[in-house]
Amino acid sequence: MIKARGLQRRFTARGRTVDAVKGVDIDVAEGELVGFLGPNGAGKTTTLRMLTTLLRPTAGEATVAGCDLRTDPLGVRKRIGYVAQGGGTSPECRVAEEIELQGRLYGLAKAEARKRGAVLTEQLDLAGLDQRLTKTLSGGQRRRLDIALGLVHAPKLVFFDEPTTGLDPQSRANLWEHIRRLRAEHGVTLFLTTHYLDEADSLCDRILVIDNGRIVAEGSPDSLKARVSGDGVVIGVDDGAAGRAAEIVGRVEGAHEVTVGHDEVRFRVPRGDTALPELLRAFDAAGVAPRSMQVTRPTLDDVFLTLTGRTLRDAETPQETEEPAHVA
Ligand SMILES: Nc1ncnc2c1ncn2[C@@H]1O[C@H](COP(=O)(O)OP(=O)(O)OP(=O)(O)O)[C@@H](O)[C@H]1O
């Protein structure tokens, strides 16, 4: 659905040059839900704007939904949906009118656009609000309307730019459910940017981590976590037994960063869940009885820290943004 090679974007404004995206390769297969994760200013929106034809790449090439980004941007636009940050609803328009208008813009006949609007308002829990002025909607309702607008032409590939930024936790969870359903019930391929670790972790099959204009890691949430730091394990033992416990732990394949406390041993291991049964057997054979065993999975923040030496939150810097220099 997406194949991009060496995509770059340089901005020049007031004599200053910013290399916002420094040559990224992206592959997304049909039906995947892929997250593009990175701190503020990492280059997520710029990449998304290139892939959706809103910004011309300085270099590189891409095929999006089967069309070449450079030679057939119109083909790309017809086949994709784009749910932008903040959306673009008109405050004085009614919900149903807004969706119908968007449908007409995509070339649907009036009756067809109206029918499509009814289906979408139903699917996105907006039924009953169709005569409301969009300015009276709550944040979550407005974001769902943004999604409806992005889906009006039934695209098979939808881009979301930070879909849940600014929403309260309940509305975020509700929106995640809608995003999951889009894929499960309609087979839509989804590509979303986020700087929320929990969002990427809970929603996405695969994550691309971008920092400073470059992709620094790629994989499923679990494989990223396993690859970078491994699971943390803490074994509680009786006073005085920690030394013997540490000897046993030292024989476990892949165990590292072993530290011995008074009544506990801590270590890291690639897969805590598979190491524990082996450990239990070894403890049993040695006649040492552990009092407790605890496994903690690393977070995506640990991944980012290992890759860049900074946490995602530390990495967030205020943006300096000029007006975008248009357009494909
Ligand atoms: N039109 C522009 N002119 C100059 N610099 C720009 C422009 N747009 C983006 N940039 C710069 O490019 C870099 C990447 O910005 P981008 O908006 O793509 O990051 P982002 O990862 O989407 O961040 P956020 O999470 O805050 O949306 C930043 O340094 C930003 O200031």
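**Terms and criteria**

Modeller: The largest nonpolar core has 61 residues, and those with the most contacts inside it are Ile2, Ala148, Val158 and Phe159. The model is predicted: local features require pLDDT of at least 70, side-chain atom pairs count only at pLDDT 80 or more, and totals for chains, interfaces and linings use all residues. Residues are numbered from 1 along each chain as its sequence is written.

Biologist: What makes a set of residues a nonpolar core?

Modeller: The set must consist of buried Ala, Val, Leu, Ile, Met, Phe, Trp, Tyr and Cys residues joined through C-beta atoms within 7 Å. A residue is buried if 20 or more other C-beta atoms lie within 10 Å of its own, exposed if 12 or fewer, and partly exposed in between, with C-beta atoms placed from the backbone. Apart from the core of 61 residues lies another core, of 15 residues, including Val249 and Ala275.

Biologist: Which residues are in contact with Ile2, leaving aside its neighbours within four places in sequence?

Modeller: They are Ile26, Asp27, Val28, Leu51, Ala62, Val64 and Phe191. Contact requires C-beta atoms, placed from the backbone, within 7 Å, so each of these residues meets that limit with Ile2.

Biologist: What makes β6 a strand that is covered on both faces?

Modeller: Strands (E, at least two residues) and helices (H or I, at least four) are DSSP runs, numbered from the N terminus. Strand β6 comprises residues 80–83; Ile80 and Tyr82 on one side are buried, as are Gly81 and Val83 on the other. In a regular strand the side chains alternate between the two faces of the sheet.

Biologist: Why are β2 and β5 described as standing at the edges?

Modeller: The open sheet has the order β2-β1-β4-β5, with antiparallel pairing. Strands β2 (16–28) and β5 (67–68) each have a single partner strand, so one side of each is left without a neighbour in the sheet. Strands β1 (residues 2–13) and β4 (residues 59–64) are joined by five bridges, and Arg5 has Glu61 in β4 as its bridge partner.

Biologist: What share of the 328 residues in the protein is buried?

Modeller: Buried residues make up 38% of them.

Methods:
Two residues are in contact if their C-beta atoms, placed from the backbone, lie within 7 Å. Two strands pair if DSSP finds at least two bridges between them.
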